[in-house]
Structures are given as C-alpha cells and as structure tokens.
Amino acid sequence: MNTFILILRWIWEFPQCLLGWLLTKIYAVEYKETYKGAKVFSGDFPGGISLGQYILMSDYDYRHKKLKVKEHESGHCVQSKILGWLYLPIVGILSGLWAGFIHKYFYPHKSYYWFITERGADYHAGIKR
C-alpha cells in the first residue's frame with residue numbers, strides 16, 4: 001500500500017491503530033500476513049480483535065477458522081476506515097460490552113453476530129449468515 005495512504009490512515013484511525021500496535025507488542029503474537037490492507041497477527045491472544053490496520057487472532061482461530069475470523073475482522077477494519085477516531089467509542093466499546101457481558105447475560109439465545117456492530121462488520125466483509 002502507498003506509504004502516504006498508510007500515514008493518512010494512521011492519522012484518521014490513530015487511537016485504534018496505536019492500541020492495535022501496542023497489543024502486538026504486549027501479547028506473544030507474530031505477523032502472519034496482510035489481508036485486505038490489515039496486518040494479521042496470531043499467537044497467545046484470546047479470540048479475535050480488529051483495531052485499525054491490525055487484526056489479532058488466537059493461534060487456534062488462525063489455524064482452524066482463519067478465513068471466517070479474518071473476513072469478519074476485516075469488516076471491522078472497514079468500520080474503522082469509515083468512522084476514524086469515532087470507531088473506538090462507537091464500535092469498540094459496544095462490541096466489547098456485547099462480547100464480554102451483554103450477550104452472555106442478556107441475550108445468550110441470540111447469535112453473537114446478531115448485534116449491530118457484528119452485523120455491520122459482516123456486512124462490510126460480505127458475509128451472509
């Protein structure tokens with residue numbers, strides 16, 4: 001990707017890019033590939049997360065559910081491109097609350113991908129569930 005475009009994306013998506021980059025340093029993950037403009041890392045990471053231009057996945061997900069998880073997380077990358085600095089307060093917080101609390105305690109009968117932020121990521125990735 002053009003260096004100028006990468007710099008502009010880093011500025012537009014700064015909070016989530018910084019957090020994604022920091023998580024690649026904190027967790028024992030290694031770079032695997034670039035997928036739809038995002039750097040994919042896997043290793044000792046719980047689940048999957050997309051932060052700006054970074055996708056972090058567990059080794060298990062990368063080995064066994066690679067395409068499915070990468071596609072969904074790439075949809076979050078599109079949301080990040082659209083929302084810029086607003087991605088973390090809108091998608092990040094809501095998605096985190098959904099994944100960590102609301103889904104489990106209030107809507108366990110619903111699919112994880114039913115929630116608006118997750119449906120949006122699937123939509124942007126072209127996933128039909």
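Here is a quick tour of this structure, from its sheet to its salt bridges.

This is a predicted model, where local features need pLDDT of at least 70, side-chain atom pairs count only at pLDDT 80 or more, and totals for chains, interfaces and linings use all residues. Residues are numbered from 1 along each chain as its sequence is written, and side-chain values use heavy atoms, with hydrogens and water left out.

- A word on terms first: helices (H or I, at least four residues) and strands (E, at least two) are DSSP runs, numbered from the N terminus, and two strands pair if DSSP finds at least two bridges between them.
- In general, strands of a sheet pair through backbone hydrogen bonds, either parallel or antiparallel.

**Strand by strand**

- Strand 1 and strand 2 (residues 38-43) run antiparallel and are joined by six bridges.
- These two strands form a hairpin with two residues between them, and Lys-36 in the turn has a positive phi of about 50 degrees.
- Across this pair, Tyr-31 sits opposite Phe-41 of strand 2, while Glu-33 has Val-40 in strand 2 as its bridge partner.
- Strand 2 also runs parallel to strand 4, with five bridges between them. Val-40 turns up here too, with Ile-55 in strand 4 as its bridge partner.
- Five of the six residues in strand 2 are buried, so this strand is mostly covered. Buried means under 20% relative accessible area, exposed means over 50%, and partly exposed is in between (1.4 Å probe, protein chains only).

- Contact means heavy atoms within 4.5 Å.
- On the surface, Trp-12, Phe-14, Leu-18, Trp-21, Leu-22, Ile-26, Tyr-27 and Trp-85 form a nonpolar patch, with about 790 Å² of accessible area together.
- Patches are made of residues with over 30% relative accessible area and no salt bridge; like charges are joined within 9 Å, and nonpolar side chains (Val, Leu, Ile, Met, Phe, Trp, Tyr) within 5 Å. Accessible areas come from the Shrake-Rupley method with a 1.4 Å probe, and for residues only the protein chains shown count as cover.
- Helix 2 supplies the largest share of the nonpolar patch, five residues.
- Trp-12 belongs to helix 1 (residues 3-12) and counts as partly exposed at 43% relative accessibility.

**Around Gln-53**

- Gln-53 sits in the loop between strand 3 and strand 4, and is buried, with a relative accessible area of 6%.
- Leaving aside neighbours within four places in sequence, Gln-53 is in contact with Leu-6, Arg-9, Trp-10, Glu-13, Cys-17, Gly-37, Ala-38 and Lys-39.
- Leu-6, one of these contacts, lies in helix 1 and is partly exposed at 29% relative accessibility.

**Salt bridges**

- Side chains of opposite charge can pair when their charged atoms come close. A salt bridge is a side-chain nitrogen of Lys or Arg within 4 Å of a carboxyl oxygen of Asp or Glu, and by this rule the count comes to five.
- Arg-9 pairs with Glu-13, with the closest N and O atoms 2.7 Å apart. Arg-9 counts as buried at 9% relative accessibility, and Glu-13 is buried at 0%.
- Glu-30 and Lys-32 form another salt bridge, at 3.0 Å from N to O. Glu-30 is partly exposed at 47% relative accessibility, and Lys-32 is partly exposed at 31%.
- Glu-33 forms a salt bridge with Lys-70, the closest N and O atoms being 3.0 Å apart. This pair links distant parts of the chain, with Glu-33 in strand 1 and Lys-70 in helix 4 (residues 66-83), 37 residues apart. Both residues, Glu-33 and Lys-70, are buried.
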